[in-house]
Amino acid sequence: MEKAKIILTKMYEVFKRSPQLHFVFVGIVLIIIGRIVVSGSSHTNINILAEVVIYAVVALGLNLLLGFSGLVSLSTAAFMGITTNSMYVFMVDYEISFLMAALMAMIICGLLGLIVGLLSLKMEGIYLGIATLFIGHITIRVIEAFDIFARGNLRRFPQITYFFDFQRSILIRDQRIDLYTLVVIAMVLMFIVIYNIFKSPTGRSLMAISRSQHAALAMGISVRKYRLLAFVIATTVASFGGVLHVAYFQTTGASGKWGLGLSLIILSVVVIGGMKSFHGMLLGSFIIIGIPALYLRDIPFLSGFDDILTGLLIVLVILFYPYGAMQIGYDLKKLYYKAKAKYKARVVKRDE
Amino acid sequence: MSKKPLLSLENVSMNFGGLKAVDNLSFTINEKEIIGLIGPNGAGKTTVFNCVTQFYKQYTGNISYVNRDDETVDLKNYKVTQIASLGIARTFQNIELIPDLSILDNVLIGAFNQYQTNVIAHIFRTPKMRQQEKEIKQKAENILERLNILHLKDFYVAGQPYGILKKVELARALITNPRLIILDEPAAGLNDRETDELEALVYQIRDDFDTTVLLIEHDMGLVMNICDRVVAINFGKFLAYDTPLNIQKNHHVQEAYLGKDE
Amino acid sequence: MHGVHQLFNGVKKIMSNVIQVLFNSLRLGSIVALATLGIVLIFRTSRATNFAQGTIGTFNAFIAAYFSIRVGLSVWTSMLIALVTAFIMGVVIDKLFIRPAAKANPVSKQILTLGIILILVGIMNSSIGFLNTVFPSVTVRPQPFFTTEMQILGARVGHNTLFIFGLTIFLMAVIFFVIQKTRWGLATRATASNEPIARLMGVPTKTITMFSWAIAAMLAAIAGISLAPGPGIDVNLLLGVQISAFFAAVFGGFSTFFGPVVAAYLLGFAISLGAFVFSTMGGSAVFAEILVYTLVLVILYFKPFGLFGKPPVRKV
């Protein structure tokens with residue numbers, strides 16, 4: 001009994017000190033929630049949960065750029081669209097396997113990220129933001145210009161073999177949970193990857209170039225190199241989000257979906273979730289994408305008001321929680337301790 | 001004391017749109033010396049530092065440096081990012097730290113050149129990367145311990161008092177294995193007790209870390225106490241290069257600080 | 001002799017085509033110019049990138065359409081009413097959202113304007129009785145200002161286009177005059193170059209910012225009303241204009257007021273001309289946009305602060 005207790009406390013200690021394990025834990029919780037959702041009456045909500053998870057991943061990639069490296073991108077969604085469309089061409093027209101196609105699409109986006117990075121060597125702030133918008137806009141227009149991409153129309157992938165002979169279809173109700181589980185596992189892996197980058201010399205260098213260029217240079221950190229790297233990583237992660245979109249929804253998404261609007265939504269996930277926050281991305285994604293789709297639309301009185309409420313939510317969080325919605329948690333904690341202290345004081349008083 | 005030259009400036013000039021910030025300056029500093037660079041406000045002291053560390057590249061003249069292999073090299077042939085690996089480290093007049101990183105992480109930024117791993121290794125946390133991270137962290141902690149701020153290592157930089165920040169900058173410079181350490185106004189903003197501590201620290205840096213120290217300072221007491229020799233400049237021009245005692249007697253220097261007696 | 005005549009005719013035909021393209025691009029160029037001037041004005045005075053410029057314009061174009069189609073007022077009266085609502089909207093947005101977030105970082109302010117977009121789009125999409133009559137879910141197509149047209153240099157030009165172009169040039173002239181020559185303009189320029197210092201010098205920066213939002217909203221409304229008769233009004237009326245306006249702002253240079261306006265016309269003409277050339281060669285008009293924007297991007301790489309812009313002054 002004693003031994004078990006010691007082992008348990010030791011395990012708890014290890015867990016407490018390892019954020020990577022936290023991500024795994026969150027992943028398990030998400031999968032359990034998914035299983036509950038699919039067994040319930042509103043089982044289509046699993047699609048929304050998958051969307052929340054996918055955009056949490058994409059937002060984390062953008063956060064690496066915005067929160068850590070102080071750079072902005074307004075074409076995150078465009079890179080997802082490029083990925084879905086090029087994967088369709090690779091997989092359907094050239095019969096390349098899913099994993100290989102995903103890898104190739106991510107490399108393409110990484111290279112595009114390099115171009116954005118080159119611009120970032122010259123521009124800053126809003127100039128850079130709009131330059132990234134240019135790149136996204138141009139590439140989406142390219143998709144719309146060519147028949148090989150069906151001129152940007154939505155296309156559904158035929159049966160996808162993910163790996164070995166793992167085949168699932170979103171059209172079959174019972175198979176959705178497997179796809180969702182796949183997406184969650186991918187999310188956990190990506191969270192760990194980005195956390196590892198953050199806690200490494202690379203992560204520190206990314207922060208150095210944004211917070212103090214002079215110090216970075218004096219310590220031998222090339223601002224140019226790390227700006228390029230930041231954009232390459234961020235676009236690759238956005239592309240990974242596109243891969244997840246293909247993996248779960250099995251469509252390319254119409255070209256109109258991948259415009260400035262969605263990029264702004266992803267940006268708002270970062271701002272609402274909190275810069276440099278990891279779990280905040282899930283919270284932000286849930287607030288921005290999940291709540292309107294899951295709850296607001298179902299309330300008859302509020303129908304059509306979901307956009308307004310999301311807008312108000314964004315405005316309120318920015319005005320009152322400039323460091324992100326995760327801050328609400330700290331405030332609640334503070335309130336709890338305050339109440340506890342008050343209660344204790346009252347108890348002490350009564351006892352006297 | 002050894003008398004091998006380490007850094008030598010020959011006829012260095014630097015112009016900012018017609019304004020001569022540094023004007024035909026020459027001096028040489030030897031290994032294991034503590035050299036002070038003094039001059040009234042706007043005399044071009046920080047500009048000299050920025051030229052040496054290659055932040056400014058448009059200077060004329062020659063800045064030569066003896067590298068770890070005892071070869072004399074022209075610093076102009078190196079990029080600003082290569083200066084640290086040559087063994088020249090610096091601190092800044094205005095603190096240049098990363099506010100939202102811990103003190104330990106800030107020091108680790110100085111060890112950038114010592115990592116032989118790339119991003120891929122960082123993503124997967126390869127055993128080699130972890131081993132290296134552990135070794136360098138140990139080294140950083142040793143330095144922090146010597147500067148008496150090890151107990152603060154996990155705190156964020158933001159919100160720390162000025163004296164601590166100066167020490168963190170110093171630690172970040174020290175972890176680069178410097179042969180020459182350049183301090184830009186290390187005592188500015190420090191109280192008397194901290195200044196005294198700094199004095200001991202500069203000796204400690206020279207002896208324990210085996211480095212040469214070049215510092216800009218306005219606190220004349222500190223300069224006179226610790227420097228072996230002092231370079232005085234005014235309006236970018238060389239005034240004198242001598243022992244502290246002689247510098248105090250030098251009438252050019254007195255004129256620069258107090259004005260000419262008419 | 002015959003060959004020369006043929007050549008001359010050919011050149012004349014090309015010329016009249018180019019002139020036709022030029023006039024065609026004037027309308028959209030003017031609309032983009034109006035939108036971009038609003039964006040620049042807001043960016044310079046309150047350091048916010050206004051993504052909501054297009055949505056504000058669309059919202060007020062709906063209001064103008066409601067009064068001209070449903071209520072039956074003249075096009076002109078409806079526009080005046082919409083300008084008043086736009087003014088009020090600009091003031092409200094500044095008071096409610098932008099001012100309280102004065103200390104937020106630029107990215108948060110961008111997202112704040114996204115919040116404004118969502119709120120406005122939500123109102124426009126709502127199916128509640130009254131709102132649904134002002135903002136119907138079907139496309140509404142209001143009357144243009146003029147329906148007549150005339151011949152200039154062999155090209156057919158609508159009076160409507162000329163009016164919009166004239167109005168834009170007039171508004172630009174007024175705004176530039178105010179900015180360059182009046183006390184208010186001086187205050188605006190002072191606020192734009194350094195808000196805290198301007199405030200310390202006694203410039204009423206709050207009022208300046210508020211009026212900037214109000215004027216920007218009015219410019220957006222005019223842009224929306226001018227565009228509406230063509231494609232008809234739906235929620236996404238000014239989406240493309242909004243993006244073009246951003247591109248024009250950066251291409252012309254955010255740091256000047258006239259650069260973005262010039263760039264708006266330049267881009268509009270270049271894309272129209274490209275589209276014309278591609279379509280005569282049997283290609284898709286989309287390629288023109290791709291080509292022009294890629295070219296702009298290359299130019300921006302070498303002139304990162306735009307054609308007319310200057311790099312911000314920074315201390316080392």
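What radius of gyration does chain C have, and what value would a compact globule with 316 residues have? Chain C comes out at 21 Å, while a compact globule with 316 residues would sit near 20 Å, so the two agree. The radius is taken over C-alpha atoms, and the globule rule is 2.2 Å times the number of residues to the power 0.38.

Before going on, some housekeeping: this is a predicted model, where local features need pLDDT of at least 70 and side-chain atom pairs count only at pLDDT 80 or more, while totals for chains, interfaces and linings use all residues. Residues are numbered from 1 along each chain as its sequence is written, chains are lettered from A and ligands numbered from 1 in the order in which they are written, and side-chain values use heavy atoms, with hydrogens and water left out.

Staying with chain C, you'll find 12 helices and two strands (DSSP runs numbered from the N terminus: H or I of at least four residues for helices, E of at least two for strands). Along the sequence they go α-α-α-α-α-β-β-α-α-α-α-α-α-α. The C-alpha trace spans about 75 × 60 × 35 Å along the principal axes of chain C. Of the 316 residues in chain C, 52% are buried, meaning under 20% relative accessible area with a 1.4 Å probe, protein chains only. Among contacts in chain C with a separation of 6 or more, 72% link residues 24 or more positions apart; a contact here is heavy atoms within 4.5 Å.

Now for chain A. Its secondary structure amounts to 14 helices and two strands. With 352 residues, a compact globule would have a radius of gyration near 20 Å, and the 22 Å of chain A agrees with that. The C-alpha atoms of chain A fill a box of roughly 85 × 60 × 50 Å along the principal axes, and 57% of the 352 residues count as buried. Chain A is split into domain 1 (2-320) and domain 2 (327-352), with bounds from an automatic or database domain assignment. The C-alpha centres of these two domains of chain A are 39 Å apart.

To zoom in, pick Ile135(A), which lies in helix α6 (residues 125-145) of chain A. Ile135(A) counts as buried because its relative accessibility is 5%. Leaving out residues up to four places away in sequence, Ile135(A) touches Phe79(A), Ile115(A), Val116(A) and Leu119(A), plus Leu297(C). Ser75(A) is 60 residues from Ile135(A) in sequence, yet their C-alpha atoms are 7.2 Å apart in space.

Terms used. Buried means under 20% relative accessible area, exposed over 50%, partly exposed in between (1.4 Å probe, protein chains only).
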